Structures are given as C-alpha cells and as structure tokens.
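Here are my notes for you to read with the model open beside them. Take the points one by one and find each residue as you go.

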Amino acid sequence: QVQLVESGGGLVQAGGSLRLSCAASGRISIINSMGWYRQAPGKQRELVARIISGGGTNYADSVKGRFTISKVNAKNTVYLQMNSLKPEDTAVYYCNVDGLTRDLSSFLGWGQGTQVTVSS
C-alpha cells in the first residue's frame, strides 16, 4: 500500500557532497517519522538521521554537523544532505517511513536502498 522510491546515491570523493531523496506514495494518511539508515559491508544497519512529524530531528554522532535531514510534507518526501563525506560513510542507504494508511492501519516502509561510495 505504501511505496518508497529513493534516489541520489553515487560515487564522490572525500570531502564532497551528495543529496539523497526518498518519496513515499500510496494510501498514506499520516506520516509519523521519516529517516535514513545505512549498512556497510559486514556491519549492521544503523540509524543515520530521523525527522518526526513536528520537525524534530536526531542524528548519529558520526554524522552530526555534516548531514542534514529535511522533509517536504506536501510531497511526502525526505531528504538527506550529506556534506564533508568521508570514506567511512560508504554504505547502502535506506529510507524508512512509518505512519498510518487511509484505513488507519499502521505501516513501516523501507526504500530499496541506494549506494553511496566515498573514495579517499
């Protein structure tokens, strides 16, 4: 019932920037929170940043001051602006959205993942 489509990954040199986007569509009534997770090879998936409906945000310590999460409610879209990228930011990035559908069922959706590679 809910689809998430990500875009914006790619290859960048250390110190560079990338912007990820994730658009949610379908029978959505309410979005409670939107976030970004990442998973590097051989590591567990970890939270990168999250933004709640009221606009509050939280970030992993490793990205504070470098990454910024934002959203456009009218488009059900969340963004992740990544600046000063480091090789250790290399991972597959997944967006995550939770909320209620139009029939008031709760949903938790994941994007398909987008590769971010930072070269040294």
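1. β9 and strand β10 (residues 106-110) pair in the antiparallel sense over five bridges. Here helices (H or I, at least four residues) and strands (E, at least two) are DSSP runs, numbered from the N terminus, and two strands pair if DSSP finds at least two bridges between them. Look for Leu100, which stands opposite Ser106 in β10. The hairpin of β9 and β10 has four residues between the strands, and Leu104 takes a positive phi near 65° there.

2. A word on what you're looking at: this is a predicted model, where local features need pLDDT of at least 70, side-chain atom pairs count only at pLDDT 80 or more, and totals for chains, interfaces and linings use all residues. Residues are numbered from 1 along each chain as its sequence is written, and side-chain values use heavy atoms, with hydrogens and water left out.

3. Which other strands does β9 pair with? With β4 it runs antiparallel, joined by 10 bridges; Ser33 has Asp98 in β9 as its bridge partner. Three bridges join β9 to β11, again antiparallel, and Val92 has Gln115 in β11 as its bridge partner. β9 is also mostly covered, with eight of its 11 residues buried. Buried means under 20% relative accessible area, exposed over 50%, and partly exposed in between (1.4 Å probe, protein chains only).

4. Now find the one disulfide in the structure. It joins Cys22 to Cys95, with S to S at 2.0 Å; the cut-off for a disulfide is a pair of cysteine sulfur atoms within 2.5 Å. Cys22 lies in strand β3 (residues 18-26) and Cys95 in strand β9 (residues 91-101), so the pair ties together parts that are 73 residues apart in sequence. Are these cysteines buried or exposed? Cys22 counts as buried because its relative accessibility is 1%, and Cys95 counts as buried because its value is 0%.

5. Next, the largest nonpolar core: it has 28 residues, and those with the most contacts inside it are Trp36, Val48, Phe67, Leu80, Met82 and Tyr93. Such a core is a set of buried Ala, Val, Leu, Ile, Met, Phe, Trp, Tyr and Cys residues joined through side-chain atoms within 4.5 Å. The elements giving two or more residues to this core are β3, β4 (28-39), β5 (46-52), β7, β8 (77-82), β9 and β11 (114-119). Contact means heavy atoms within 4.5 Å.

6. You'll find Arg66 in the loop between β6 (57-59) and β7 (67-72), and at 11% relative accessibility it counts as buried. What does its side chain reach? The Arg66 side chain gets to the backbone oxygen of Ser84 at 2.9 Å. Not counting residues up to four places away in sequence, Arg66 touches residues including Gln81, Met82 and Asp89.

7. Last, check some backbone angles. Most residues other than glycine have a negative phi. Ser84, though not a glycine, has a positive phi of about 50°; it lies in the loop between β8 and β9 and counts as partly exposed at 40% relative accessibility. Asn76 isn't a glycine either, and has a positive phi of about 50°. Asn76 sits in the loop between β7 and β8 and, at 24% relative accessibility, counts as partly exposed.

Terms used:
Polar contact = N/O pair within 3.5 Å; in protein donor to acceptor, adjacent residues only side chain to side chain.
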